[in-house]
Amino acid sequence: MDQPATLPEKLYLLAYDPERERLTATDRLDLVVRAAALAELLRRGLVREDGRYPAAVEGAGPAGGLDPLTAALLEQIRQERRRSWQSWVGRNRGPTARAARVVRDGLAAAGRVRIEQRRAFGLFPYSRVTLTDSRLRASLVASIGSALKGPFSRVDPADAALVALVDAAQLGSALPWSRRREFRARIDKLAPAAGPVPRALRRAVNASRSDGSAGG
């Protein structure tokens with residue numbers, strides 16, 4: 001099975017821990033996949049940097065091949081008022097509100113994940129997500145390794161953006177802290193492929209954690 005074409009789908013799969021057989025980073029997964037959707041639009045030339053804001057590119061051509069979340073985010077950017085990159089990452093309204101679920105359902109429809117409805121303690125319903133082919137996630141992890149160790153000139157821009165997002169999201173299931181520290185200089189060199197999105201993701205995650213601490 002080929003790798004998914006877009007960054008949100010890749011980030012979702014990388015958030016899955018095959019050893020524990022469950023998703024990780026669930027407290028921030030909506031933010032992570034929205035950030036990935038922004039980076040996808042940026043790398044495809046469907047949005048551009050306009051100061052502190054993303055702006056839709058007029059006449060950029062068809063937006064075919066986008067996953068449902070990225071397509072919905074593009075429409076929001078086209079129709080709504082200007083917002084900062086961080087604001088778009090953290091925006092939980094409209095069709096991208098439950099971003100991780102949108103990506104999950106798209107992956108399920110494509111046969112890449114399986115969703116089972118279960119009940120915890122026989123009472124509380126929840127959805128259990130499993131991979132249909134573990135080799136797919138393994139190939140994504142291998143792409144990260146190649147981007148970190150291979151010749152810089154041969155790194156695919158999509159893989160460079162993938163590494164920057166995994167780092168910003170602190171997805172230890174895909175890139176442990178020790179490796180992020182080991183390859184810090186290389187990661188920083190790859191980060192421009194995702195534009196201002198990794199920084200916006202870090203800020204959105206920190207703001208979300210601060211809000212959670214204040215509320216609890």
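First, a term for the angles I'm about to quote: axes are lines fitted to C-alpha atoms, for helices over the stretch in contact, and angles run from 0 to 180 degrees between N-to-C directions. Also, keep in mind that this is a predicted model.

Start with helix 1, residues 7–14, and helix 6, residues 134–149. They pack at an angle of about 105 degrees. Their axes are 10 Å apart. Angles of 65 to 115 degrees count as roughly perpendicular, so helix 1 is roughly perpendicular to helix 6. Which residues of helix 1 make the contact? K10, L13 and L14. On the helix 6 side, look at L136, R137, L140, V141 and I144. By class, that contact has six nonpolar residues, two charged and no polar ones.

Stay on helix 6. Its other partner in this talk is helix 7, residues 157–169. Here the packing angle is about 100 degrees, and the axes are 9 Å apart. The class count is six nonpolar, one polar and one charged.

Now helix 2. It covers residues 29–43, which is 15 residues. From first C-alpha to last, helix 2 reaches 21 Å, close to the 21 Å expected at 1.5 Å a residue. Is helix 2 mostly covered or mostly open? Mostly covered: 13 of its 15 residues are buried. After helix 2 comes G45, with a positive phi near 75 degrees.

That brings me to backbone angles. Most residues other than glycine have a negative phi. Two residues here are worth a look. E21 is not a glycine, yet its phi is positive, near 55 degrees. You'll find E21 in the loop between strand 1, residues 16–17, and strand 2, residues 22–23. E21 counts as partly exposed because its relative accessibility is 45%.

A25 sits in the loop between strand 2 and helix 2. Is A25 buried or exposed? Buried, because its relative accessibility is 13%, and the cut-off for buried is under 20%.

That's my tour. Over to you.

Definitions and conventions
Residues are numbered from 1 along each chain as its sequence is written. This is a predicted model: local features need pLDDT of at least 70, side-chain atom pairs count only at pLDDT 80 or more; totals for chains, interfaces and linings use all residues. Side-chain values use heavy atoms; hydrogens and water are left out. Helices (H or I, at least four residues) and strands (E, at least two) are DSSP runs, numbered from the N terminus. The expected span of a helix is 1.5 Å times one less than its number of residues. Buried means under 20% relative accessible area, exposed over 50%, partly exposed in between (1.4 Å probe, protein chains only). Angles under 35 degrees count as roughly parallel, over 145 as roughly antiparallel, 65 to 115 as roughly perpendicular and the rest as oblique. Contact means heavy atoms within 4.5 Å. Ala, Val, Leu, Ile, Met, Phe, Trp, Tyr, Cys and Pro count as nonpolar, Asp, Glu, Lys and Arg as charged, and the others, Gly among them, as polar.
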